[in-house]
Amino acid sequence: MHIPDGFLSPATYLPATAVAAGLILLALKRAELDADKIAGVAAVSAFSFVAMLFAIPMPGGTSVHLGGVGLMAVLFGPWTAFGALSLVLLVQALLFGEGGITAYGVHVIAIAFAGSVSAYTVYRFVKRFSESAALFAAGWFGLVIPAVIVAFVLGIQPLIAHDAGGKPLFFPFGLEVTLPSIMIPHLIAGFAEGAVTLMMVRFLKRYFKGVFDAV
């Protein structure tokens with residue numbers, strides 16, 4: 001799901017970076033990170049960091065990986081999850097080349113913000129009916145919603161950045177390619193993400209009560 005450098009036009013990544021910066025500043029005010037949560041946030045951030053590095057190649061030139069977005073949002077709330085995931089994405093881009101520097105803003109908006117907010121919102125709604133279903137849905141939406149945004153952003157590149165002859169200047173494939181090639185693997189992988197989110201929350205709250213009781 002991580003976009004390399006050179007795939008996005010300046011007309012895309014410059015405004016995305018500005019929006020991401022604004023969201024990060026807002027998160028600094030709204031995130032609820034007290035001393036009791038720091039150990040838990042650090043542990044789950046490390047899990048998310050590792051999970052995102054293990055990308056499985058898929059037909060069509062894309063790849064899929066777990067992200068821990070729903071897990072983070074359920075345990076710590078959307079703004080704390082957003083802040084932690086933004087830092088995870090930055091370290092991955094700077095030190096591991098997992099996602100381009102120019103694509104960082106899009107990743108922050110798609111994975112950290114939209115993923116966390118959608119996962120948390122779905123969790124809160126479904127929780128009224130079933131806690132287990134809510135945890136599973138949070139994991140599924142936390143992976144699939146970012147994939148939708150990434151597929152859309154890549155797919156519109158030929159429309160917004162091309163030469164006089166219509167030849168794409170950056171990412172060359174349109175929505176007819178990006179939507180199926182990115183969405184189909186992530187729709188399936190979302191079931192694994194949902195199961196992992198359900199099991200991880202149950203496990204952490206049962207065996208690490210001292211850390212996650214405050215969550």
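The model is predicted. Its largest nonpolar core has 35 residues, and a second, separate core has 20. The count of aromatic pairs comes to 10.

**Nonpolar cores**

- Ile-3, Leu-8, Phe-82, Val-150 and Leu-154 touch the most other members of the 35-residue core.
- Six helices each supply at least two residues of this core: H1 (10-30), H2 (35-53), H4, H5 (104-126), H6 (131-155) and H8 (175-207).
- The largest share, 8 residues, comes from H6.
- Phe-82 belongs to the largest core. Beyond residues up to four places away in sequence, Phe-82 touches Leu-23, Ile-24, Ala-27, Val-108, Ala-112, Phe-113 and Ser-116.

**Helix H3**

- H3 spans residues 69-76 and is mostly covered, with 8 of its 8 residues buried.
- The buried residues are Val-69, Gly-70, Leu-71, Met-72, Ala-73, Val-74, Leu-75 and Phe-76.
- Gly-77 follows H3 and has a positive phi, near 90°.

- Thr-80 lies in H4. Its relative accessibility is 6%, so Thr-80 counts as buried.
- Leaving out residues up to four places away in sequence, Thr-80 touches Ala-31, Glu-32, Leu-33 and Val-41.
- Leu-89 is also placed in H4. Leu-89 counts as buried because its relative accessibility is 2%.
- The contacts of Leu-89, again without residues up to four places away, are His-2, Met-52, Tyr-104, His-107, Val-108, Ile-111 and Ala-112.
- Met-52 is 37 residues from Leu-89 in sequence, yet the C-alpha to C-alpha distance is 9.1 Å.

- Leu-90 sits in H4, which covers residues 78-96.
- Leu-90 counts as partly exposed because its relative accessibility is 32%.

**Aromatic pairs**

- Among the 10 aromatic pairs, Phe-7 and Phe-171 have ring centres 5.3 Å apart and planes at 35°, so this pair is tilted.
- This pair links distant parts of the chain, 164 residues apart. Phe-7 is in the segment before H1, and Phe-171 is in the loop between H7 (157-160) and H8.
- The two partners differ in cover. Phe-7 is partly exposed, with a relative accessible area of 31%, whereas Phe-171 counts as buried at 12% relative accessibility.
- Phe-203 and Tyr-207 form another tilted pair, with 5.2 Å from centre to centre and 45° between the planes.
- Both Phe-203 and Tyr-207 lie in H8, 4 residues apart, about one turn of the helix.
- Phe-203 is partly exposed, with a relative accessible area of 40%.
- Ring pairs also link Phe-7 and Phe-171 with Phe-173 into a cluster.

How values were computed
Residues numbered from 1 in each chain as written. Predicted model: local features only at pLDDT ≥ 70, side-chain atom pairs only at ≥ 80, totals over all residues. Heavy atoms only, no water. Buried < 20%, exposed > 50% of the residue type's maximum accessible area, 1.4 Å probe, protein only. Contact = heavy atoms within 4.5 Å. Core = buried A, V, L, I, M, F, W, Y, C linked by side-chain atoms within 4.5 Å. Phe/Tyr/Trp six-rings, centres within 6.5 Å; stacked < 30°, edge-to-face > 60°.
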